Amino acid sequence: MTVREAAEKLEKLEQKLNAYNHAMGVMYYDSATAAPAGSAAGRGETLGVLSGTYYELFAAPDVGVLLETILSNRDEIDTLTAKKAEIMKRDYDETSKIPQEEYVAFTKLCSDAENVWHRAKKENDFAAFAPYIDQIVETLIRFAGYYGPGQDPYDVWLSQNERGLTQKTLDAFFESLRGKIVPLLQRIQAEGIEIDDSFLHQEYPIEKQKAFSDYLMQVMQIDRNYCAIGETEHPFTTNFNKYDVRITTHYYTDHPEFPMYSVIHEGGHALYELHTGDELIGSCLATGTSMGVHESQSRLFENMVGRSEAFISYIFPKMQEIFWPQLQNVTAHQMYLALNKCEPSLIRTEADELTYALHIMVRYEIEKKLFKGEAKAKDLPGLWAEMMRAYLGIEVPDDTSGVLQDSHWSNAQMGYFPSYAIGSAYAAQFVAHLKRDIDMEKAISSGNLKPVEDWLCEKIWRFGRGMDPEEILLNACGEPFNPTYYTDYLEEKFSAIYGLK
């Protein structure tokens with residue numbers, strides 16, 4: 001078989017794999033947004049069949065031969081095809097190591113787990129969900145043994161989400177964050193000005209909030225021809241291809257800021273997916289390069305754009321128009337302060353920008369214990385309450401607002417949570433360099449985010465998985481990862497907001 005023939009066969013294979021991924025992705029989106037509660041069993045069976053066929057297509061020995069043929073003859077093929085084969089070989093080596101029956105069973109387990117999680121959260125019934133956590137952790141530890149024999153299982157899954165990331169790196173990173181955030185939070189509580197956000201705690205009609213979500217997507221220049229917005233318990237973004245991206249949010253009548261920032265956050269994810277290069281369509285490269293880089297884009301838009309005074313000043317007239325009379329006596333600056341109020345809270349997705357990383361630390365420490373065998377699911381409510389008290393100084397009243405609040409563990413997304421903190425730090429570094437090239441505040445204050453998005457597209461988005469995270473950082477910033485940008489950003493922003501000297 002020639003390298004050209006191998007490349008042609010690989011392209012046809014990718015078309016089939018994409019079709020299966022598309023079908024399973026639509027089923028997942030439907031399950032989270034529209035499917036009736038009793039539909040999980042049938043959906044799980046269908047997903048089991050589809051995932052089994054996907055496995056047979058992708059993990060077949062012939063696929064390994066195709067990939068080896070291309071990679072051993074890189075000089076005879078174009079750079080893009082070679083890169084596709086390189087990344088696909090990485091995925092193939094992992095998937096093909098899992099026995100097919102275990103791969104299928106795990107897909108069904110996660111489908112069942114998510115359905116139970118939805119019900120358990122609603123009914124404050126952690127005991128119903130706990131067995132699924134134990135099964136998922138056991139499976140992930142076993143799979144880690146297939147992927148990286150001899151490696152720490154949790155390190156394997158951290159690297160799955162952010163290539164090369166380890167507990168050693170994260171322990172140092174979080175220790176540095178804690179050393180900066182906790183003293184700053186204490187100063188704010190002791191010396192900071194009082195911020196009034198009472199006007200946010202009125203009744204805001206859901207229909208008006210939906211209109212505001214549409215407006216925010218317009219300001220972010222998200223093309224609605226290719227991006228829809230739905231409602232779900234836990235907001236997320238999914239993409240089937242760059243011309244079909246879905247974001248979701250969850251509306252609260254007395255907290256309009258929560259859906260506001262979930263739309264901006266998920267919108268950042270969507271912009272990344274909508275701007276991968278056209279030449280990558282249909283390939284394994286046509287998505288974000290890592291969870292950390294992906295989260296850097298959502299956190300950048302959520303916080304460094306969306307919570308900036310320039311942005312809030314620009315959108316406030318429209319906000320006031322939609323939410324009248326609730327905001328009739330409020331100024332744009334008051335809104336800016338209210339939306340940046342720093343106050344430890346129970347819910348991660350509702351956390352202020354400063355204390356957010358402390359929520360991630362809780363989940364990180366719990367996941368480490370699960371993978372080391374130092375804790376089982378039954379221990380998690382107690383551990384959660386203990387760590388929330390230690391890190392954020394607050395008491396957890398129930399499991400719905402505690403250990404059940406996130407959907408990630410039901411989807412086996414362990415090793416994912418640290419990406420939120422790493423992503424926030426990446427975002428600060430990207431913004432520091434972005435500001436050297438363009439007048440970011442001018443762009444935001446004029447309501448024209450195109451210069452910002454063009455820079456991000458040129459430096460990050462268009463490459464998809466064609467660059468690893470460290471390559472993206474070097475391309476965008478000309479330097480490796482440096483978390484100091486993040487801690488400096490937090491200190492400068494919140495010291496100014498709270499009038500600290």
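Glu 191 and Arg 187 share helix H8, four residues apart, about one turn of the helix. Helices here are DSSP runs of H or I with at least four residues, strands are runs of E with at least two, and both are numbered from the N terminus. The two side chains form a salt bridge, 3.4 Å from N to O. A salt bridge means a side-chain nitrogen of Lys or Arg within 4 Å of a carboxyl oxygen of Asp or Glu. Glu 191 is partly exposed, at 48% relative accessible area. Arg 187 is partly exposed as well, at 29%. The classes are buried (under 20% relative accessible area), exposed (over 50%) and partly exposed (in between), with a 1.4 Å probe and protein chains only.

This is a predicted model: local features need pLDDT of at least 70, side-chain atom pairs count only at pLDDT 80 or more, and totals for chains, interfaces and linings use all residues. Residues are numbered from 1 along each chain as its sequence is written, and side-chain values use heavy atoms, leaving out hydrogens and water.

Side chains of opposite charge can pair when their charged atoms come close. By the rule above, the count is 33 salt bridges. One of them joins Glu 233 to Lys 121, at 2.9 Å from N to O. This pair links distant parts of the chain, 112 residues apart. Glu 233 sits in the loop between strands E1 and E2 (237-241), and Lys 121 sits in helix H5 (residues 100-123). Glu 233 is partly exposed at 29%, whereas Lys 121 is buried at 12%.

Another bridge joins Arg 163 to Asp 468, with the closest N and O atoms 3.7 Å apart. Arg 163 is partly exposed, with 44% relative accessibility. Asp 468 is buried, at 12%. Salt bridges also link Glu 45, Lys 108 and Asp 112 in a network.

Now to the empty space. Rolling a probe the size of a water molecule over the atoms shows where empty space is left. The search uses a 1 Å grid over the protein atoms alone. A cavity is a set of points where a 1.4 Å probe fits but cannot get out; a pocket is an open set with protein on both sides within 12 Å along at least five of seven lines; lining residues have an atom within 4 Å of a point. Points are joined across faces, edges and corners, and a volume is the space filled by probe spheres set on the points.

The second largest pocket holds about 600 Å³. It has 23 lining residues, and Met 304, Ser 308, Lys 435, Tyr 489 and Lys 493 are the closest to its centre. Helices H11 (291-305), H12 (309-322), H13 (332-339), H16 (418-437), H17 (440-445) and H20 (484-497) each give at least two residues to this lining. H20 supplies the largest share, seven residues. The lining has 13 nonpolar, three polar and seven charged residues. In this scheme Ala, Val, Leu, Ile, Met, Phe, Trp, Tyr, Cys and Pro are nonpolar, Asp, Glu, Lys and Arg are charged, and the others, Gly among them, are polar.

There are two cavities of 30 Å³ or more. The largest cavity has a volume of about 60 Å³. Its lining includes Trp 117, Trp 384 and Trp 409, along with Arg 363 and Asp 406. By class, that lining has seven nonpolar, no polar and two charged residues. The second largest cavity holds about 30 Å³. It is lined by Lys 180, Ile 181, Leu 184, Leu 354, Thr 487, Leu 490 and Glu 491.

Finally, the surface. Gly 373 lies in the loop between helix H14 (356-372) and helix H15 (380-392). Gly 373 is exposed, at 56% relative accessible area. Its C-alpha atom is 46 Å from that of Glu 309, 64 residues away along the chain. Tyr 226 lies in the loop between helix H9 (206-219) and strand E1 (227-231). Tyr 226 is partly exposed, at 34% relative accessibility.
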